[in-house]
Amino acid sequence: MTRDCDPLPDTLRWAVRLLRGEAAALALLAGWLIWADLTATRTDLVSALLVTGFAIGTTAALWALGGALARRRAGARAPAIVLQLMLLPIGWFMVQAGLGWLGVPLMVLGVGVCALLLSPPTTRALGFG
């Protein structure tokens with residue numbers, strides 16, 4: 001049994017860092033989208049707001065899940081894994097569009113964070129098995 005005062009294992013600590021890093025990168029993208037929405041001369045307003053809202057919501061979700069995992073909330077692991085698995089089709093479509101330099105690292109990041117979240121030290125720290 002793991003107590004909250006025990007230090008976080010390195011695998012969980014790195015998963016939290018990477019989730020927070022993804023949130024920070026996505027926040028920058030969301031800021032750019034807001035700027036693009038406000039300065040566009042012609043736009044489909046509904047589509048622009050949906051894409052920007054999705055970026056903002058995902059930023060908040062990644063940041064919150066990172067915080068919950070840092071506090072050893074076991075229920076945050078599954079949603080974090082789902083968000084990481086979403087990087088696989090995104091990366092794949094980037095590769096297909098000729099952006100392999102970005103798509104491949106995104107897919108590796110998604111698989112890597114999933115591996116960290118499913119590793120035995122993280123599993124024990126979250127109170128599973």
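Here is a short tour, from the overall fold to a few details.

## Ground rules

This is a predicted model, where local features need pLDDT of at least 70, side-chain atom pairs count only at pLDDT 80 or more, and totals for chains, interfaces and linings use all residues. Numbering runs from 1 along each chain as its sequence is written, and side-chain values use heavy atoms, with hydrogens and water left out.

## The big picture

You're looking at a protein with six helices and zero strands. Helices here are DSSP runs of H or I with at least four residues, strands are E runs of at least two, and both are numbered from the N terminus. The C-alpha atoms fill a box of roughly 60 × 30 × 15 Å along the principal axes.

Of the 129 residues, 34% are buried. Buried means under 20% relative accessible area, exposed means over 50%, and partly exposed is in between (1.4 Å probe, protein chains only).

## The largest pocket

The largest pocket has a volume of about 590 Å³. A pocket is an open set of points on a 1 Å grid over the protein atoms alone, where a 1.4 Å probe fits and protein lies on both sides within 12 Å along at least five of seven lines; lining residues have an atom within 4 Å of a point. The volume is the space filled by probe spheres set on the points, which are joined across faces, edges and corners.

There are 20 lining residues, and L26, L29, L87, I90 and L106 lie nearest the centre. Two or more lining residues come from each of α1 (10-39), α2 (45-70), α3 (77-85), α4 and α5 (100-118), with α2 giving the most, six. The lining splits into 17 nonpolar residues, two polar and one charged. Nonpolar covers Ala, Val, Leu, Ile, Met, Phe, Trp, Tyr, Cys and Pro, charged covers Asp, Glu, Lys and Arg, and the others, Gly among them, are polar.

## I90, inside α4

I90 sits in helix α4 (residues 87-96). It is partly exposed because its relative accessibility is 39%.

## One salt bridge

How many salt bridges does a search of the whole structure find? The search turns up one. A salt bridge is a side-chain nitrogen of Lys or Arg within 4 Å of a carboxyl oxygen of Asp or Glu.

The side chains of R13 and D10 meet in a salt bridge at 2.7 Å, N to O. They are three residues apart in helix α1, so about one helical turn separates them. R13 is partly exposed at 26% relative accessible area, while D10 is exposed at 51%.
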